[in-house]
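Please walk me through the architecture of this model, going from strand to sheet and then to the packing of helices.

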Amino acid sequence: MRGDWARFTDTFLNAKVMHKYLPDILSGVVVTIELAFLIVVTGIAAGLALALLRSLAIRPLNWLIVVIVDLFRSLPPLVVIVLIYFGLPSVGLSPSGFVSTWLSLAFVLMAFSEEIFWAGITSVDRGQWEAARSTGLSFGQTLMSVVLPQAFRLTIPPLTNRTIAITKGTALGTVVAVTEILGQASSAMSNSYNPSPLIMGAAAYLVLFFPVVVAARWVETKFAWKR
Amino acid sequence: MNRPIVDARGLHKHFGSLHVLKGVDLTVAERELVFVIGPSGSGKSTLLRCLNRLEEPSSGSVVVDGIDMLDPRTDINHARQRIGMVFQSFNLYPHMTALGNVTLALRKVAGKSRAQAEALGRAALERVGLADRAGHTPGQLSGGQQQRVAIARSIALEPRVMLFDEPTSALDPELVGSVLEVMRSLRESGMTMIVVSHEMGFARNAADRVVFMDEGAIVEAGPPAAIFESPAHERTRTFIGQIQRH
């Protein structure tokens, strides 16, 4: 029994291996943080921009937005990454694995967040628009001061869920040689013939995303107001 | 008769195949209180909403305080400040306090500083008897108080005319009085008002003129006593009979 346990720790929690590959995992954490930050900021900003454009109700533009959004919502993120990384060089662009992963996941987050923002904007009662416009506020002022604050409150829960889900997709960057957490962990695993680095990788994801999940909860309660 | 504040002529409105307004003329003089009554679907609300162009008339003309509301060169946002509107469902901004609701347009449209806007906003809340509720959000106010905040939001902009679209229809009966009280004091201050409502008692003793609409047209108009006691048209008589039975 004791022998089993020793074999288990030696395999999965090997201190020597862990110590050796800790710097690699940490550098992977930095890459994951950089990627995640870029994806969240650009993806959500682009999604909001598309939702605002869509609210202008210019029909051909809206069709275009809907097509783009539905495209990126249907494609698996890995397919988008591979298309950009292996496809773009044929038209003379050769984005790095990092840039390919960033762009792909940002596009996917843009698509989902556009839909979420749009749902939020359209769920605000028509009467809010009418009241604001009747006092002389312009379309843009009404959108910014009256509609968006109410829409944001409704979008926070689905948006944080989706953001977390897509940001975890940074692990897909391994496929195109991005040295993020999973990439570092799996190369450490093949170099050491020991899966302990994978456990470290999992721990690193937990340390990274658990606070995000908790922060999301806090933001949700902060954005709630009494009806 | 003073010069008209509101001068609407030949208003038509189509919603698809529905012909909601069929050539309505409405002229309202300064300081006049006009009551618009009629069965639901008669076009009363649509008429009101055409006056500040929340609804685009299909044809006709609307001039408010000398401004051609339908002229594409008219700055509609500027013009709308002169036309207050109060809605059946209050439509207060739920994420703002009462004072925030009242000061938003003062700051964004009338270009007042925060301090000026808040002073004007508090004065407007005072006029509707809610000075002590400035920091409350709509969710913390009763329906009657919410509607009075909505009235304050409009009068803070010092409009030339106020439009009321069934202001008491969504209120519990015991809260109606406080809103009518505010409307009465507005009237006494000389505000020009167009009111779509079924508050016949209020119409009787506050209105200068009652306009009866049916099927998208004005059937008849006159002083409240004439319309309520001796209507000229059968349709008016039937409608008033139905209303007064309740």
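**Sheets and helix packing**

In chain B, strand β7, helix α6 (residues 173-188) and strand β8 together make a right-handed β-α-β unit, a crossover being right-handed if, with the strands pointing away from the viewer, the path from the first strand over the helix to the second runs clockwise. Helices (H or I, at least four residues) and strands (E, at least two) are DSSP runs, numbered from the N terminus. This is a predicted model, in which local features need pLDDT of at least 70 and side-chain atom pairs count only at pLDDT 80 or more, while totals for chains, interfaces and linings use all residues. Residues are numbered from 1 along each chain as its sequence is written, and chains are lettered from A and ligands numbered from 1 in the order in which they are written.

Strand β7(B) pairs in the parallel sense with β6(B) (residues 83-86) over 4 bridges, two strands being paired if DSSP finds at least two bridges between them, and B:Val86 stands opposite B:Phe164. With β8(B) (residues 192-196), β7(B) also pairs in the parallel sense, over 5 bridges, and here B:Asp165 stands opposite B:Val196.

These strands belong to an open sheet of 6 strands in chain B, in the order β6-β7-β8-β3-β9-β10 and with mixed pairing. Because β6(B) and β10(B) (217-222) stand at the edges, each with a single partner strand, one side of each is left without a neighbour in the sheet. Neighbouring strands of this sheet are turned by 20 degrees against each other on average, direction ignored. Strands β9(B) (residues 209-214) and β10(B) run antiparallel and are joined by 5 bridges, with B:Asp214 opposite B:Ala217.

Chain B also holds an open sheet of 4 strands, ordered β2-β1-β4-β5, whose pairing is antiparallel. Its edges are β2(B) (18-29) and β5(B) (67-68), each with a single partner strand, so one side of each is left without a neighbour in the sheet. Between β1(B) (residues 4-15) and β4(B) (residues 59-64) there are 5 bridges, and B:Ala8 has B:Val62 as its bridge partner. Helix α1(B) (residues 44-51) lies across β1, β2 and β4 of chain B and runs at about 120 degrees to β1(B); axes are lines fitted to C-alpha atoms, for helices over the stretch in contact, and angles run from 0 to 180 degrees between N-to-C directions.

In chain A, the axes of helix α5 (residues 97-123) and helix α7 come within 8 Å and cross at roughly 150 degrees. The two helices α5(A) and α7(A) are therefore roughly antiparallel, on a scale where angles under 35 degrees count as roughly parallel, over 145 as roughly antiparallel, 65 to 115 as roughly perpendicular and the rest as oblique. Helix α2(A) (residues 15-55) packs against α7(A) (residues 139-168) at an angle of about 140 degrees, with the axes 12 Å apart, which makes α2(A) oblique to α7(A).

Conventions:
Contact = placed C-beta atoms within 7 Å.
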